[in-house]
Amino acid sequence: IRCWSNIPFITMPLSRAHGKSFAHRSELKHAKRIVVKLGSAVVTRGDECGLALGRLASIVEQVSMLQNQGREMMIVTSGAVAFGKQRLRHEILLSQSVRQALHSGQSQLKDMAIPVLEARACAAAGQSGLMALYEAMFTQYSICAAQILVTNLDFHDEQKRRNLNGTLHELLRMNIVPIINTNDAVVPPPEPNSDLQGVNVISVKDNDSLAARLAVEMKTDLLIVLSDVEGLFDSPPGSDDAKLIDIFYPGDQQSVTFGTKSRVGMGGMEAKVKAALWALQGGTSVVIANGTHPKISGHVITDIVEGKKVGTFFSEVKPAGPTVEQQGEMARAGGRTLAALQPEQRAEIIYRLADLLTDQREEILLANKKDLEEAENKGRLALPLLKRLSLSTSKLNSLAIGLRQIAASSQDSVGRVIRRTRIAKDLDLEQVTVPIGVLLVIFESRPDCLPQVCKEGRLHCWEFFDDKRKGISVAHSNQILHHLTQEALSIHGVKDAVQLVNTREEVEDLCRLDKLIDLIIPRGSSQLVRNIQKAAKGIPVMGHSEGICHVYVDTDASVEKVTRIIRDSKCEYPAACNALETLLIHRDLLRTPLFDQIIDMLRVEQVKIHAGPKFASYLTFSPSEVKSLRTEYGDLECCIEVVDSVQEAVEHIHKYGSSHTDVIITENEETAEFFLQHVDSACVFWNASTRFSDGYRFGLGAEVGISTSRIHARGPVGIEGLLTTKWLLRGDNHVVSDFSEHGSMKYLHESLPLPQRNTN
């Protein structure tokens, strides 16, 4: 146990045999020994005279955090020249002002020219101050730092190399962070013809090569190179077509265009790439990232170590399949082709998928059985989770029926004209339905979601991510369902419109593809939805964070209806988001036969009851009092609370509900209408189970999610909720100037009849 900022914590066990670099970003969290190289542009201010103290403090905090996790951190830093320049400028100005005052007898200062400062002198003046600053910052985290100055000659002398190596190992053993820099006060020029002449030789001519040399000499697991650019680009950064290269492989140098070096420092990006490749060849993983961006510099180092997609990762192992970005591009292209198909062609694809679900039923169920067996081997599964993981013949039949319903209505979806207006003579405007675009559907241990959302595949392109909830995967089920979906799409050449993604590590990267993904639909727990909403960067998320559904039992409720509706709402599928979570009972029903029937039914169904504050006050021996009235149990549990009127029931729902689905049970039509009109939820029912809040049960043909937002779709979302519109204007040499005050044309704005819809 170590102590950081007076807070004790347990260090993490980190160990790996050095000799081969990490193949994937997700493995970086296992890095034990890490070198962080700080470029001059990261350490210095924009005026190049002084240090960027805020950035430096943030970097020290991150390094300290990792050091106190049990890692061995080293810093290769620039900044001595800039710090020395600041000090020397100050001294020169002070000296000149004193001489001028003595010479003129006046205290007023005139414009004074500052001579050009020699870099070696600046380095000599700045080294001690830079190190003092590092020591002061690391002391705040109870960490000791030590300074080491080196030159290229130190690596050519075998005895000096051994001494340096021994010193660094001893410092790391004592939990000290070495701060390493080239001795710019005396550094000689690099030896000729010694730069990158093989695995064993690299000339230390700047801090990039120094960091690479040290990383290999010290058998470091990870080298993080921070500069003033996000990483490597396939064209000059800032140009319209420039794309950040996520993973760089040896031999890819031809795909990179190197620009000029940064505003300060000795090396440019080309020098960084050469040094990175040399370190990679020596067994050290490398990431080049931006250490100056104000939005990410505060966590860039820790994000890299956590395996997040930051900067450019150097790897010797090329992935077997396409990258996430490539999948997004394929989905975008395939989706546009898919949207342009004729309605009959889209219907043919969906009919084909329905047939495949029926014909390949045995193979699908066999794959699902493998997933269930693997899940059960990891521990006993709760019944709701087991039910969510399972596929059955009845589920597959229901999916196939829904597919055929959508195929039959394909004429009324994409390309449907919903408004026609004659703007002027021979100038007609149409508003037609079109797909929203590329949808990212993220679901959690729910294999039936894949064909559900693929029912809309004729409209959009999709990517899927199985959240592997609690370490449980439905990979076998997903693979075969994805294969069948692509088989159906391939009959019209749009196979790539559906992409499957399975890794948890890539979900945040998917949520950042705002240029490729148009809408995110999370399907799963409230925690999953909240995580996705937080991770989404510039992409709208359609969904609900919680499903806190209420059933209010009024004084005029029918005895026959109450227990049936409550049992179905709570017990039919307790893990569903449309299951009952809070039961509101009118006060006058307490201690009546109806109330006793409700309690007896819940006990028979083994539903655990939590008492709300008011309900508990009426009981001598009450069930466990609820911790929060805003709880989604997702299991055979519910809260019971007492209200005095329908108005109080509405107020309770607005205060503690999630605007999902709420129900009233009553025979009083006036009371029911008051409830229906005043409850502000996506679904409000009278004398019906909450479980009817479902796209398939609503006759939408499919459900890709339930939305509680008030923009665009709300409630169960089917085809209509996944469409937007575009405007088509057909004219004949029309220009706006013809409609001016002295123009020859006038606006008509006449509504035109809509085309006849296919009702067959």
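Biologist: Which strands form the open sheet, and in what order?

Modeller: Start with the general idea. Strands of a sheet pair through backbone hydrogen bonds, either parallel or antiparallel. In this predicted model, four strands form an open sheet in the order E25-E12-E11-E26, with antiparallel pairing.

Biologist: Which are the edge strands?

Modeller: Look for strands that pair on one side only. Here these are E25 (723-730) and E26 (750-751).

Biologist: Over how many bridges do E12 and E25 pair?

Modeller: Eight, in the antiparallel sense. Strand E12 covers residues 427-435. Take Asp-428 as one case: its bridge partner in E25 is Arg-730.

Biologist: Now helices. How do the axes of H11 and H12 cross?

Modeller: Read the distance and the angle together. H11 spans residues 343-359 and H12 spans 361-377. Their axes come within 5 Å and cross at roughly 65°. Angles of 65 to 115 degrees count as roughly perpendicular, so H11 is roughly perpendicular to H12.

Biologist: Which residues make the contact?

Modeller: From H11, Leu-356, Leu-357, Thr-358 and Asp-359. From H12, Arg-361, Glu-363 and Ile-364.

Biologist: What follows H7?

Modeller: Lys-219, whose phi is positive, near 55°.

Biologist: Where is Ser-142 placed?

Modeller: In the loop between helix H4 (119-139) and strand E5 (144-150).

Biologist: What is the phi of Gln-606, and where is this residue placed?

Modeller: The phi of Gln-606 is near 60°, a positive value in a residue other than glycine. Gln-606 lies in the loop between helix H20 (593-604) and strand E19 (608-611).

Biologist: Is Gln-606 buried or exposed?

Modeller: Check the relative accessible area. The cut-off for exposed is over 50%. Gln-606 has 64%, so this residue is exposed.

How values were computed. Residues numbered from 1 in each chain as written. Predicted model: local features only at pLDDT ≥ 70, side-chain atom pairs only at ≥ 80, totals over all residues. Heavy atoms only, no water. Axes fitted to C-alpha atoms, helices over the stretch in contact; angles between N-to-C directions. Helix = DSSP H or I, 4+ residues; strand = E, 2+ residues; numbered from the N terminus. Parallel < 35°, antiparallel > 145°, perpendicular 65-115°, else oblique. Contact = heavy atoms within 4.5 Å. Buried < 20%, exposed > 50% of the residue type's maximum accessible area, 1.4 Å probe, protein only. Pairing = 2+ DSSP bridges.
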